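Okay, thanks everyone, I'll keep this short. Have a look at the model on the screen and I'll walk you through what I found in it.

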Amino acid sequence: MPLILMCGYPCSGKSRRAKELKEYFELNTDRKVHIVGDESLGVDKNAVYADSQEEKRVRAALKAEAERKLNKEDIVILDSFNYIKGYRYELFCVVKHLQTPHCLVYCLTSGDVSSSWNSSRDPSEQFTQEIFDALLLRFEAPDSRNRWDSPLFTILQDDALPFDAISDALFKRKAPPPNQSTQTQSLSSANLLYELDKMTQDVLTVTEVSLVSVNSNFVVFAGVSCWSHQNVSFWRLLP
């Protein structure tokens with residue numbers, strides 16, 4: 001059902017917060033909670049974020065996996081950088097189409113703190129300094145004034161997660177309305193055929209009367225805009 005987007009610098013505590021949210025909702029609700037992230041795809045982070053095409057492929061895979069798991073009951077947490085504004089908008093369009101609520105949890109840290117946390121990791125889990133610096137430069141911070149970034153929960157490194165507020169945002173708020181252009185529109189009303197037949201008979205009756213009264217093969221209809229002569233030809237087949 002709802003989608004929670006994690007967002008933040010590399011090594012800003014996103015995965016830790018995602019696990020805290022998963023534990024909270026599993027303990028306090030009867031819903032399944034799915035975490036979708038880079039780790040679930042088993043990718044080499046440094047290789048992925050050094051290649052723009054590979055990164056694009058991974059983002060598409062994460063989006064597809066999150067969309068596949070979204071349903072009316074389960075909670076999906078997308079644990080990735082989600083640092084591109086356009087990508088967050090794409091995910092917002094997904095929840096609009098599925099008519100499910102969402103929220104964004106922004107783990108806000110300074111570059112120095114994130115760099116320190118990166119250095120403290122096991123070498124096999126660290127970002128190279130080049131990739132780390134590049135990700136910081138490319139990061140587009142969320143803005144609550146954007147509907148795709150709202151509701152936004154900004155969490156500092158020592159803050160406790162506002163579980164109740166996040167829960168209310170997911171379960172007590174209406175889902176964003178779907179785009180009208182993507183909705184199936186009713187092609188006809190129940191009495192469409194009756195109305196068409198009635199209007200056709202009215203036109204035929206007026207036309208018949210006019211042809212007899214003016215003794216002409218042409219009838220001029222007021223308000224009809226034709227390319228030539230402002231008239232419509234009416235041909236009567238004799239039995």
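So, let's start with Leu3. Leaving out residues up to four places away in sequence, Leu3 touches Leu70, Val76, Leu78, Val95, Pro101, His102, Cys103 and Leu170. Before I go on, keep in mind that this is a predicted model.

As a general point, nonpolar side chains tend to be buried together in soluble globular proteins.

Now the sheet. We've got 5 strands in an open sheet, the order is S2-S3-S1-S4-S5, and the pairing is parallel. On the edges you find S2 (33–37) and S5 (152–156), each pairing on one side only. On average, neighbouring strands here are turned by 20° against each other, if you ignore direction. If you zoom in on S2 and S3, they run parallel and 5 bridges join them. Gly37 stands opposite Asp79 in S3. Then there's helix H8, residues 163–171, which lies across S1, S3, S4 and S5 and runs at about 150° to S4.

Okay, cysteines. How many disulfides does a search of the whole structure find? The count is 0. Take Cys7: the nearest cysteine sulfur is that of Cys107, and that's 8.4 Å away. A disulfide needs the two sulfurs within 2.5 Å, so Cys7 is in none. Cys7 is also at 0% relative accessibility, so it counts as buried.

Last stop, Arg59, over in helix H4. Is Arg59 buried or partly exposed? At 22% relative accessibility, against a cut-off of under 20% for buried, it counts as partly exposed. Apart from neighbours within four places in sequence, Arg59 is in contact with Tyr83, Ile84 and Tyr87. And Arg59 and Ser80, 21 residues apart in sequence, have their C-alphas 9.0 Å apart in space.

That's it from me, happy to go back to any of the views.

Notes. Residues are numbered from 1 along each chain as its sequence is written. This is a predicted model: local features need pLDDT of at least 70, side-chain atom pairs count only at pLDDT 80 or more; totals for chains, interfaces and linings use all residues. Side-chain values use heavy atoms; hydrogens and water are left out. Buried means under 20% relative accessible area, exposed over 50%, partly exposed in between (1.4 Å probe, protein chains only). Contact means heavy atoms within 4.5 Å. Two strands pair if DSSP finds at least two bridges between them. Helices (H or I, at least four residues) and strands (E, at least two) are DSSP runs, numbered from the N terminus. Axes are lines fitted to C-alpha atoms, for helices over the stretch in contact, and angles run from 0 to 180 degrees between N-to-C directions.
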